[in-house]
There are 2 protein chains.
Amino acid sequence: MATTKTPDATRRSERSRRAIFDAALELVGEVGYDKLTIEGIASRAGVGKQTIYRWWPSKAAVLLDAFIVDAGDEPIELPDTGDLAADLKFVLRATVDEFNDPKFEAPYRALAVAGANDPELSEQFVNRLQDTGVQAYVERLRRAQEAGTVAERVDLRIAAEMILSPFSQRWLMRTAPLTYDFVDTLVDLVLTGITRR
Amino acid sequence: MATTKTPDATRRSERSRRAIFDAALELVGEVGYDKLTIEGIASRAGVGKQTIYRWWPSKAAVLLDAFIVDAGDEPIELPDTGDLAADLKFVLRATVDEFNDPKFEAPYRALAVAGANDPELSEQFVNRLQDTGVQAYVERLRRAQEAGTVAERVDLRIAAEMILSPFSQRWLMRTAPLTYDFVDTLVDLVLTGITRR
């Protein structure tokens with residue numbers, strides 16, 4: 001399609017897409033997933049609803065793309081300086097900042113709540129987003145395992161969950177604040193374990 | 001109050017309370033927290049709604065008591081055989097069985113979702129229930145710390161979160177199954193850490 005368009009039309013499309021994503025993320029944070037509609041997104045974005053239906057079959061599809069584009073600034077790969085603890089703390093501290101920003105966290109919360117409620121949505125959507133995050137950690141841990149830092153028989157998926165789930169749980173259930181101290185301590189405990197060496 | 005009642009009236013009250021709790025837990029699992037009403041609970045329990053209002057000021061208060069009574073069979077204190085890993089695995093395996101039982105998990109899910117959505121409900125209610133669970137783990141870890149198994153400077157709250165949050169997250173977001181293997185591996189990794197000793 002893009003090859004048949006003039007450069008101006010391509011730029012206009014790109015602006016519309018960006019406006020639609022921004023509108024979708026704002027609205028889902030304001031009204032929740034259940035009350036989000038294609039009409040609402042179109043109206044907020046200042047486009048016709050046919051423009052949205054031309055590109056996406058459902059509100060879930062719009063949101064999935066919006067989250068993926070929104071996450072585009074973040075590294076898909078975790079840094080690897082050779083210091084596993086420092087690399088994990090660096091990324092988690094940046095994540096603390098994001099999740100303490102109401103503008104950032106509102107759409108994620110709406111989606112997480114909808115996913116917890118609705119197994120099908122969770123299957124199609126929430127897990128796919130969440131899994132991208134978990135996989136990035138698994139990959140970093142795999143490199144540490146190859147380098148000999150992480151023990152050979154460690155289940156890397158469960159290790160990633162030990163790092164990410166306490167973070168997600170504090171955030172989602174608001175059981176305790178997300179701070180740099182918390183993530184630093186968490187990383188150290190996951191690496192060394194809690195029993196006396 | 002109870003001292004002024006005849007034994008028969010006390011037994012009747014006790015039966016009504018139990019019927020109200022059962023109705024509240026069933027209904028919240030079926031319709032979710034938002035659509036739960038005192039009228040609905042009264043109707044399902046076969047009592048007048050004034051009976052409920054006489055004992056509880058709100059649906060949240062009914063549910064809180066229902067969950068507390070429902071959890072009454074479980075140990076508030078974790079076993080302490082001196083083998084920390086075995087004790088944790090024993091309790092977590094029982095919890096796996098509970099959360100794989102739809103009848104048990106439905107009301108918890110409804111409540112967790114409502115709590116994730118509503119900060120005030122979370123504050124009053126969900127965290128209070130959740131904290132009871134976390135505290136039982138913290139206490140068992142404290143005894144292990146006093147016995148010299150757990151290292152001295154370990155933050156026991158975060159250690160408990162490393163055990164419980166991966167479990168809760170898998171359950172709530174349905175990211176992966178809850179199995180005995182999962183909890184066994186998790187406990188071992190939390191105790192020993194992931195880096196090579």
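Residues are numbered from 1 along each chain as written, and chains are lettered from A in written order. In this predicted model, local features need pLDDT of at least 70, side-chain atom pairs count only at pLDDT 80 or more, totals for chains, interfaces and linings use all residues, and side-chain values use heavy atoms, without hydrogens or water.

**Exercise 1. Describe the extent of the interface between chain A and chain B.**

Step 1. Take the contacts, meaning heavy atoms within 4.5 Å. 45 residues of chain A are in contact with 45 residues of chain B.

Step 2. Take the buried area, the accessible area (1.4 Å probe) that two parts lose on being put together, summed over both. It is about 4300 Å² between chain A and chain B, and carbon and sulfur atoms give 60% of it.

**Exercise 2. Find the polar links, then the elements of chain A behind the interface.**

Step 1. Look for salt bridges (a side-chain nitrogen of Lys or Arg within 4 Å of a carboxyl oxygen of Asp or Glu). The rule finds 2 across the interface of chain A and chain B. B:Glu161 and A:Arg170 meet in a salt bridge, N to O 2.8 Å.

Step 2. Turn to the elements; helices are DSSP runs (H or I, at least four residues), numbered from the N terminus. On the side of chain A that touches chain B, α6 (102-117), α7 (119-146), α8 (156-173) and α9 (180-192) of chain A each give two or more residues. α8(A) gives the most, with 12 residues.

**Exercise 3. Is B:Ala159 buried or exposed, and what does it touch?**

Step 1. Apply the cut-offs: buried is under 20% relative accessible area, exposed over 50%, partly exposed in between (1.4 Å probe, protein chains only). B:Ala159 has 0% relative accessibility and therefore counts as buried.

Step 2. List the neighbours, leaving out residues up to four places away in sequence. B:Ala159 touches A:Leu189, A:Ile194, B:Leu141, B:Val154 and B:Val190.

Notes. A polar contact is a pair of N or O atoms within 3.5 Å; within protein, one must be able to donate a hydrogen and the other to accept it, and residues adjacent in sequence count only if both atoms are side-chain atoms.
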